[in-house]
Amino acid sequence: MQNIVVVGGCGFIGANFIHLVLRERPDIAILNLDALTYAGNLANLEDVSSNPRLRFCRVDIGDRAALEKALENETFSAVVNFAAETHVDRSILGPDAFVRTNILGTSHLLDIVRKRQGIRLLQVSTDEVYGSLGDDGAFTEQTPIQPSSPYSASKASADLLVQAYHHTFGLDAVITRCSNNYGPYQFPEKLIPLMIINARSGKPLPVYGSGGNVRDWIHVEDHCRGVLVALERGRSGEVYNFGGAAERRNIDIVHAIADRLCGNRDLVRFVQDRPGHDWRYAMDFQKAATQLDWAPRYAFDAGLQATMDWYIANEAWWQAVLNQEYRDYYERLYGKR
Ligand SMILES: NC(=O)c1ccc[n+]([C@@H]2O[C@H](COP(=O)([O-])OP(=O)(O)OC[C@H]3O[C@@H](n4cnc5c(N)ncnc54)[C@H](O)[C@@H]3O)[C@@H](O)[C@H]2O)c1
């Protein structure tokens, strides 16, 4: 049995990754470390909580002593780091937690891994570190890092630390950068679940600016498969881009959700644009295709339909998440609507 540590496994992508590994890699056992912030949710792993190949420990990676203690008696061959503060809007409202978890927390993980032998660290990063594109082109792994938001700057800082540890100490590290994910268990502050839940609840659908900003969308399972093959076959010190080959304007996504769930677009409300809003992201993932034999399996339209189905079938999951903290945050961002 191979033991790996998954950090941030109670969040959206981490939980989907744990489900995938338990399903498809019977020889891997997982220790899941997570601080259970507002975005971390044990319910995301409820159906696998009695699996003997999964253990959980609540720990904050910003707390070095607690992290060292959690790992001191553990033997493992890899660490996959999903843990982060992840929402751009929250990073604009208050960046401190982003600096603490995304930069300091990653440096704690790097130091712990460096002091042991034979451990690979996979850092889960984002296309947002590359900054914003105009109407043409796509990010490659050679695109210079030029983050725009406090969130993306903190993720880029973590990437630079990972690369420095590989270069300076020979640490076995791989970085994956992925475009916008969607799918089951995504916290409702993010575009697709926010629109699905508001549309289901008959609430306004707030769209930033003109709604013309473009993102590349990837189903979370495709991203998780990418992380898994990069962990297993990625070359040490390398960066791998993953994308869904599905560029869409925000407004087109909102319309698709409204059409299916409301039957009209009357709930769409254009709101003041996000400060410094990146215009467009697109990913060139040729390197992952060639070196890792990876390609996205989901077509966007089918993936979006499946995601809407999931949220309709799992209303109890998202109703439980819409607590007072979330309502306060929502009101601060969008006002009472
Ligand atoms: N969601 C996307 O579209 C996307 C795209 C590309 C890359 N990423 C990256 O993937 C990773 C996972 O994203 P997600 O959407 O699942 O995020 P998420 O916000 O849903 O989950 C983050 C998880 O990290 C945990 N966490 C936060 N701070 C922690 C701390 N100090 N110590 C331990 N655990 C902590 C939370 O409790 C939560 O379980 C992040 O690193 C993010 O930057 C996300």
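This is a predicted model: local features need pLDDT of at least 70, side-chain atom pairs count only at pLDDT 80 or more; totals for chains, interfaces and linings use all residues.
In helix H6, the buried residues are Leu191, Ile192, Pro193, Leu194, Met195, Ile196, Asn198 and Ala199. Just past the end of H6 comes Gly202, whose phi is positive, at about 70 degrees.

Strands S7, S9 and S11 form an open sheet of three strands, in the order S7-S9-S11, and the pairing is mixed. Strand S7 (180-182) and strand S11 (247-249) are the edge strands; each has a single partner strand, so one side of each is left without a neighbour in the sheet. On average, neighbouring strands here are turned by 50 degrees against each other, direction ignored. Strand S9, residues 214-219, runs antiparallel to S11, and three bridges join the two. Which residue of S11 is the bridge partner of Val214? That partner is Arg249. Helix H10, residues 300-313, packs on this sheet and touches S7, S9 and S11. The direction of H10 makes about 50 degrees with that of S7.

I turn now to the ligand. There are 29 residues around the ligand, and those that come nearest are Gly8, Gly11, Ala39, Gly40 and Ala84. Two or more residues of this shell are given by each of helix H1 (12-24), helix H4 (96-114), strand S5 (120-126) and strand S7. Helix H1 contributes the largest share, three residues.

Finally, the chain as a whole. The protein chain contains 12 helices and 12 strands. Its radius of gyration is 19 Å, close to the 20 Å that the globule rule gives for 337 residues, so the chain is as compact as a globular protein of that length. The C-alpha trace spans about 60 × 45 × 35 Å along its principal axes. Of the 337 residues, 45% count as buried. As for contacts between residues at least 6 apart in sequence, 83% join residues at least 24 apart.

Note on methods
Residues are numbered from 1 along each chain as its sequence is written. Two strands pair if DSSP finds at least two bridges between them. Helices (H or I, at least four residues) and strands (E, at least two) are DSSP runs, numbered from the N terminus. Axes are lines fitted to C-alpha atoms, for helices over the stretch in contact, and angles run from 0 to 180 degrees between N-to-C directions. Two residues are in contact if their C-beta atoms, placed from the backbone, lie within 7 Å. A residue is near a molecule or strand if its C-beta atom, placed from the backbone, lies within 6 Å of it. The radius of gyration is taken over C-alpha atoms; the globule rule is 2.2 Å times the number of residues to the power 0.38. A residue is buried if 20 or more other C-beta atoms lie within 10 Å of its own, exposed if 12 or fewer, and partly exposed in between; C-beta atoms are placed from the backbone.
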